[in-house]
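Visitor: I have a structure to go through. Can you put it up and take my questions as they come?

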Amino acid sequence: MNSTPRTDDAQRRVAFGVVLRGSVPPTVLSGGLAALVLALVRGPGGGLSALVGVVIAVAFFASGLLVMARIVDDTGNPLLFMAVGMATYFAQVIALFGVIVASGQVKAFDTVAAGIAILVCVVMWQVAQIRAWRRARLPIYDDVRLPGDAFVDPVAGSAP
């Protein structure tokens, strides 16, 4: 029997929704500003390539968060949560690198501008995601047992 309490499915989805809503707007805003600066520095082609990079980065990281919401059933299990989170993040970074390398084959695509915009988005996404997780108010402790409540052994799953 699992000794960690299972989180309600609706509560888990709300928590991931809070994180998604907390991460996307600052990432899009900072990526848009980076694209604007890159359009001024590298020309309209650089700005357009930077916008494509912003779309790619937001799509990759939002999809990763949605994958986490579907795979992790028990947010009270930190080992599972961290393992799935690290595997998802590693897969995202590898896939993002593959997209950048493949897009380098297109002559009109400014890979430097797109890479800079993606880097800005990655850093902002991580900062915003950490901030949103801290504000998600997920319970991390077991419920307090009040006097008079029946004792339930978490290992055996029943009263002694």
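Visitor: Is V41 buried or exposed?

Guide: V41 is exposed, at a relative accessible area of 64%. Exposed means over 50% relative accessible area, buried under 20%, and partly exposed in between, with a 1.4 Å probe and protein chains only. This is a predicted model, where local features need pLDDT of at least 70 and side-chain atom pairs count only at pLDDT 80 or more, while totals for chains, interfaces and linings use all residues. Residues are numbered from 1 along each chain as its sequence is written, and side-chain values use heavy atoms, leaving out hydrogens and water.

Visitor: Where is V41 found?

Guide: In helix 1. Helices here are DSSP runs of H or I with at least four residues, strands are runs of E with at least two, and both are numbered from the N terminus.

Visitor: Which residues form the nonpolar patch on the surface?

Guide: L29, L33, L36, V37, L40 and V41, with about 650 Å² of accessible area together. A patch takes residues with over 30% relative accessible area and no salt bridge, joining nonpolar side chains (Val, Leu, Ile, Met, Phe, Trp, Tyr) within 5 Å and like charges within 9 Å. Accessible areas come from the Shrake-Rupley method with a 1.4 Å probe; for residues, only the protein chains shown count as cover.

Visitor: Switching to charges. How many salt bridges does a search of the whole structure find?

Guide: The search finds 1. The criterion is a side-chain nitrogen of Lys or Arg within 4 Å of a carboxyl oxygen of Asp or Glu. D110 and R42 make the pair, at 2.6 Å from N to O.

Visitor: What does the pair tie together?

Guide: D110 lies in the loop between helix 3 (78-103) and helix 4 (111-135), and R42 in helix 1 (residues 9-42), so the pair links parts 68 residues apart in sequence. D110 counts as buried, at 15% relative accessibility, whereas R42 is partly exposed at 42%.

Visitor: Now the inside. Which residues have the most contacts in the largest nonpolar core?

Guide: F16, M68 and L96, in a core of 26 residues. Such a core is a set of buried Ala, Val, Leu, Ile, Met, Phe, Trp, Tyr and Cys residues joined through side-chain atoms within 4.5 Å.

Visitor: Where does the largest share come from?

Guide: From helix 2, with 11 residues.

Visitor: And which residues of helix 3 are buried?

Guide: F81, V84, T88, Q92, L96 and S103.

Visitor: How many helices and strands does the protein have?

Guide: There are 4 helices and 0 strands.
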